[in-house]
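Good morning, colleagues. Please bring up the model on the screen, and I shall go through selected parts of it with you.

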Amino acid sequence: MKRFLNSWTGIIIAFALLYSLKGVLPAAFLTEVVIFSIYAMGCSFLIGRLGLTSFGQPAFLAFGAYGAGVYLYYFGHNSYVAILVGVLVSLVINMLVGLFMVRLNSSYFTLCNQAFCVVTFFLFQKALVKWTFGDNGLLLISRMDPTPFIDLTTTKGIYLFAFLVAIAVWFFYQYLMKKSVFGATCLCVKDNEQKLRFLGYKTFNIKWFAFVIANTTAGLAGAIYTIYFCMVNANIASVNTASEAVAISMLGGAGTLFGPLVGSFLFIGLKDIASQFISHWEVLVGLLLIIVMLAGEKGIVGSLEGYIEKLREKRSLSKPALTKEGGL
Amino acid sequence: MLLILLVLDDMGKLRGMEMGMPNIVEVKNLNAAYGQSKVLFDINLHIKPNERVAIVGRNGAGKTTLQKCIASLLHPTSGSVVYDGTELVGKQPYEVARMGLKYIDQDKHVFLDLTVRENLELSSYATGDYEWDKVFEHFPKLKILIDRKGAYLSGGERQMLMIGRAILGDPKVLLVDEPTEGLAPSIVDDLVTTFHELSRDCAIMTVGQNLSFVSRVAERVYAMKEGRLVAEITDEVEIKNNSYCEYL
């Protein structure tokens, strides 16, 4: 089951199933789930694979969002190009910021990222208000031209586009986490960084590269977010939403392939559905998070994978391994 | 003369120390401290190619600190460490590892989420050495456990994996910290044989308190006390009889 889910086929089937829910659940809800899951994927990778918790994710989301938004408002009207610009802006910022952030560990990393988020919010709300219009934001509804192949100016188009991008992102992370040496070294950095240095790895480079990849993924989500909502304002970088990406990652399972998707589904679902009945829907999310963490600290997908792993190891350990020729 | 030495050598391999080759590691006037607390005082030692050297001493003597300074994991306050003609002080640990001086610390910590195969692949990727046969030659059991995760290995198996990982890339020097700690006597016996075999290809410096192991493995012993090297024992009989105990 675990091997199937983590295979290329499993990814396509999972997203195909989600896509097919369009008849049952609102397309807007599903689109938001997919965008948020892309956003949370980077955060999940940082927490689960490197052990670095970041409360600065809204900042990285915002750079991608504003990159796309500023392009559409001032320079051009092609949504594809806007997304590309958003990703590039996010990439450059992450490369620079990462040089400093990955020198920090644990709580210092967490707090400095949060501080960076506060600075970014100020930047977009006040410092650059002449171009970003602060809280009013950039309204882009009439600033996007129809695009070839998939028309991103339509709800159906952006819905399909978000799914295709998500599949591509999942393929990328599937390779990164399961097939690449880089993914293994990220796990080792989390496990024992010094030990990895003993083997001849420059761990600073590994952490920096992982930081750039993870937060550029958030930037990609931000760019798609701007196209989908046809607007971007400073609230996207608000530190009040800093814990959302972390909560989604932990709920679904940090470091797992489908954790961000499951976490995003639950989080957005509770937000959209529960908010119709109670004003403080966050209470439900908080309670769910506590229950899931107490159950195993690995999130829903992480716990499921852990359970399957234990069954598999029990079966292999029950086979005799000791032989006289085995030596030590 | 060369021909005679080749004939006399059991393994048929030329041993650097018998040929009087220069030292592979040379430590001169090394001093180290943790903050204000000085722990190493004017350490001078050397290791010849393919030699098995041991450093013995009580807890807190500075053995591990000395090894960490050699491996560039700790920066000494003064002195030099020259490896194969290159000064190591100031270098990063990963640079030293790539140069062929590997450190195996005492905690027997392998990467728990990775299998034996993945642990070895990591080392192979860093060194470009995918000749795992030499690892399985020393540790056949690793082949059987190849798909087992590090978390499910015993202490002896982890020690095997750590040494196996370290010998990929054909290092010239292995620094092994407390290799027998927590291991059963039968496993320690196997480790003695392994160390003898490994020293065909590289020098080994081991630190520890297991004097029985030292007496069976080491060709030269340094006794360490309170951050100082107090004796160097080269006599085979003295080593076998643990005569260096008087210096501890």
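This is a predicted model: local features need pLDDT of at least 70, side-chain atom pairs count only at pLDDT 80 or more; totals for chains, interfaces and linings use all residues.

In strand E8 of chain B, B:Val207 is the residue that bridges to B:Asp177. The bridge belongs to the pairing of strand E7 of chain B, residues 173-177, with strand E8 of chain B, residues 203-208. These two strands run parallel, and five bridges join them.

Packed on the sheet is helix H2 of chain B, residues 63-70. The strands of chain B that H2 touches are E3 (52-57), E6, E7, E8 and E9 (220-225). The direction of H2 makes about 150° with that of E7(B).

The sheet itself is open and has six strands, in the order E6-E7-E8-E3-E9-E10 of chain B, and its pairing is mixed. Which strands stand at its edges? They are E6 (101-104) and E10 (228-233) of chain B; each has a single partner strand, so one side of each is left without a neighbour in the sheet. From one strand to the next, the twist averages 20°.

Chain B has another pairing to show you. Strand E1, residues 25-34, and strand E2, residues 37-47, both of chain B, are antiparallel and share seven bridges. B:Ala33 has B:Lys38 of E2(B) opposite. The two strands E1(B) and E2(B) make a hairpin with two residues between them. In that turn, B:Gly35 has a positive phi of about 65°.

As a general point, an α-helix has 3.6 residues a turn, so residues three or four places apart point the same way.

Let us now consider where the chains meet. How many residues of chain B are in contact with chain A? There are 30, and they meet 22 residues of chain A. Among the elements of chain B giving two or more residues to this side are H3 (93-99), E6, H7 (155-167) and H8 (185-198). The largest share, seven residues, comes from H4(B). By type, the side of chain B that touches chain A has 18 nonpolar, four polar and eight charged residues.

Finally, two places in chain A. Helix H12 of chain A, residues 259-274, has 16 residues and reaches 21 Å from first C-alpha to last, close to the 22 Å expected at 1.5 Å a residue. Its buried residues include A:Gly259, A:Leu261, A:Phe265 and A:Ile268.

A:Tyr39 lies in helix H3 of chain A, residues 27-50. Is A:Tyr39 buried or exposed? A:Tyr39 counts as buried, because it has 29 C-beta neighbours inside 10 Å, where 20 or more are required. Leaving aside residues up to four places away in sequence, A:Tyr39 touches A:Leu61, A:Ala218, A:Ala221 and A:Ala245. The C-alpha atoms of A:Tyr39 and A:Phe60 are separated by 9.4 Å, and the two residues are 21 residues apart along the chain.

Terms used
Residues are numbered from 1 along each chain as its sequence is written. Chains are lettered from A and ligands numbered from 1 in the order in which they are written. Two strands pair if DSSP finds at least two bridges between them. Helices (H or I, at least four residues) and strands (E, at least two) are DSSP runs, numbered from the N terminus. Axes are lines fitted to C-alpha atoms, for helices over the stretch in contact, and angles run from 0 to 180 degrees between N-to-C directions. Two residues are in contact if their C-beta atoms, placed from the backbone, lie within 7 Å. Ala, Val, Leu, Ile, Met, Phe, Trp, Tyr, Cys and Pro count as nonpolar, Asp, Glu, Lys and Arg as charged, and the others, Gly among them, as polar. The expected span of a helix is 1.5 Å times one less than its number of residues. A residue is buried if 20 or more other C-beta atoms lie within 10 Å of its own, exposed if 12 or fewer, and partly exposed in between; C-beta atoms are placed from the backbone.
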